Amino acid sequence: MMGRGLLAIEDLEREDIERILETAFHMKEVGRREVKKVPTLRGRTIINLFFESSTRTRTSFEIAGKRLSADVVNFSPPASSLTKRESILDTAKTLDAMDPDAVVIRHNVAGVPKQIADELAAPVINAGDGAHEHPTQALLDLMTVVEEKGRIDGLTVTIIGDIAHSRVARSDIYAFTKMGAEVRVAGPPTMMPAQVECLGVKSFRTLREALDGADVVMALRIQLERLAGALFPSVREYSATFGLDRAKLRFAKDDAIVMHPGPVNRGVELSHDLANRRPGVILDQVRNGVALRMAVLYLLAGQKRGVGTEA
Amino acid sequence: MFPPGFEVPAAPFKSVPRGGERLQVASDPPVQIRPPTGASSEPPSAGVAASVVLDDLAIQRALMRIAHEIVERNDELDRLYLVGIPNGGVPLARQIALNLREIAGVDVTLGVLDTTLYRDDRVTSGIRPRLRHTEMPSAVDGRLVILVDDVASTGRTVRAAMDALMDFGRPRAVQVVALVDRGHRELPIKIDYVGKNIPTQRTDHVELRTGPAGGDMEVVLMQSRGAPS
């Protein structure tokens, strides 16, 4: 299944995840060298197809590809002209004719990477699709936790915020439960999917209960520009109830780590002092993002299959 | 004398085989990957005869002799930097370092260099080769680097190792140790210190096996049989 690309954590087996993480830890060593480049993907072409703007993720994929010596091409068509299914398929066929070795796709509609993957010979890596999944973010979160805690199995991971609209939350829930962690979610009722327990998590209404004994606390970004006013009365109220600060963090274990997929709305999801805290686990997430994406590209790029046939 | 964390895998995962596991030959690709041109198409699984070609004592003697040769051939022993190629080259490099300390009183720098990302094998389907540990504790500039591998054959691993090494700096000179040289060179690569030359068929497989804690080593030659000779 890895041969077909990386579309969702939901599709992965635990062994696949371990293989990716193991590879990523080796890739991290390459990033510590003076010459941060290996010739592994020389002569390969990777297309970054970002229908939704994302400087951070795109840059991370671009650096990852370049450190493996691949030729990386960024392609950011305006999403508005590509909302019809036909034009997405046309785009896919056009891309296929350029014979890439891997295509990285972000789109604001769930399922588009899968649709394009079905038309392409090259493996597709989902860099975030709508409110569906963001698999590389979840994998780099796992990597960061393994580094901090030495394991995933048996840890308690609390995810706070807009669970319903967050692809990071969904991918993290799959990733951490598959690796044997207990996952808890907390947030306003308007941001909690109905029957979220079906995903194998426990849901809580208050931070106090959700954080009790937590090893890892993951604050999600609130999409202020889109959601404020619609799903909670005010930013101040959200921050008072679900914003993480030192006082609330005391409910978690003493050595709990605080993570955030970035960019942080300071004073909303995290208080200023937590956002600045040393050691900076949040910046480790960014650092690990490059190594993790190198691992995914190494494992997938260039592994072609005929369209319509199983790899 | 060993760099801190030398024996600890970089990944807190089960990435680097621990002592007691059978170490796969870290050098040239197992012959199954690229069947020799014009040879019989007999699959290697048709029946394999395994024989020990070097036991632990013979290996220890060879490593001691190699250490003496290194001292004999080089002046600037304080510039020595031994680099083991995983997996097999790593315990061998460690032993040679111990021998050098014993006979010449020098503490050499010890590194580990994985060549997987520098290999020229084009993988277009199937699983990518697993990466292994790399740990180069200090700069290689101006150093006398000795690459240590368990089995030398086509020379492709040594080429990859030299490419990898150059990314870490500019060594003054590079030499190569191989515990076993089984021939079949495909590149103009010379092995400077050979433990033992073992004539083999291309379809054979030569493997260094390591006991618990890296001790009790043996080199095993596996010959496919079944094809009428």
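The paragraphs below lead through a predicted model, beginning with chain A and ending with chain B.

Residues are numbered from 1 along each chain as its sequence is written, and chains are lettered from A and ligands numbered from 1 in the order in which they are written. Because the model is predicted, local features need pLDDT of at least 70 and side-chain atom pairs count only at pLDDT 80 or more, whereas totals for chains, interfaces and linings use all residues.

The confidence of the prediction is expressed as pLDDT, the predictor's confidence in each residue, from 0 to 100. For chain A the average pLDDT is 90, and 91% of the residues score at least 70. Over residues 306–311 of chain A, however, pLDDT stays under 50, and the model has six contacts beyond four places in sequence for this stretch. Two residues are in contact if their C-beta atoms, placed from the backbone, lie within 7 Å.

The domain assignment of chain A gives domain 1 (2–134 + 287–300) and domain 2 (135–286); such bounds come from an automatic or database domain assignment. The C-alpha centres of the two domains of chain A lie 25 Å apart. Their contact takes 25 residues from domain 1 of chain A and 25 residues from domain 2 of chain A. On the side of domain 1 that touches domain 2, the elements giving two or more residues are helix H1 (14–31), strand S5 (124–129) and helix H12 (281–300) of chain A. H12(A) supplies the largest share of that side, six residues. Helices (H or I, at least four residues) and strands (E, at least two) are DSSP runs, numbered from the N terminus.

Helix H5 of chain A comprises the 15 residues 135–149. Its end C-alpha atoms are 21 Å apart, which agrees with the span of 21 Å that should follow at 1.5 Å a residue; the expected span is 1.5 Å times one less than the number of residues. H5(A) is mostly covered, as twelve of its 15 residues are buried. A residue is buried if 20 or more other C-beta atoms lie within 10 Å of its own, exposed if 12 or fewer, and partly exposed in between, with C-beta atoms placed from the backbone. Among the buried residues of H5(A) are A:Pro135, A:Gln137, A:Asp141, A:Met143 and A:Val146. A:Gly150 follows H5(A) and has a positive phi, near 80 degrees.

Helix H6 of chain A has twelve residues, 167–178, and should span 16 Å at 1.5 Å a residue; its end C-alpha atoms are 17 Å apart, which agrees. H6(A) is likewise mostly covered, with ten of its twelve residues buried, including A:Arg167, A:Arg170, A:Asp172, A:Tyr174 and A:Phe176. The cover over these buried residues of H6(A) includes H1, S5, H5, strand S6 (156–160), strand S7 (182–186) and strand S9 (216–219) of chain A. Just after H6(A), A:Gly180 takes a positive phi of about 95 degrees.

A:Ser69, in the loop between helix H2 (55–67) and strand S3 (71–75) of chain A, has a positive phi of about 70 degrees although it is not a glycine. A:Ser69 is partly exposed, with 15 other C-beta atoms within 10 Å. The peptide bond from A:Gly262 to A:Pro263 is cis, with omega near -15 degrees, and A:Pro263 belongs to the loop between strand S10 (257–259) and helix H11 (272–275) of chain A.

Chain B contains three helices and eight strands, which run β-α-β-α-β-β-α-β-β-β-β from the N terminus on. Of its 229 residues, 40% are buried. Among contacts in chain B with a separation of 6 or more, 75% are between residues 24 or more positions apart.

Three strands of chain B form an open sheet in the order S1-S8-S7, with antiparallel pairing. Two strands pair if DSSP finds at least two bridges between them. The edge strands, each pairing on one side only, are strand S1 (48–54) and strand S7 (205–209) of chain B. S1(B) pairs with strand S8 (residues 218–224) of chain B over six bridges, and B:Ala50 stands opposite B:Met222 in S8(B).

Chain B also has a cis peptide bond, which joins B:Pro86 and B:Asn87 with omega about -5 degrees. B:Asn87 lies in the loop between strand S2 (80–84) and helix H2 (89–104) of chain B.
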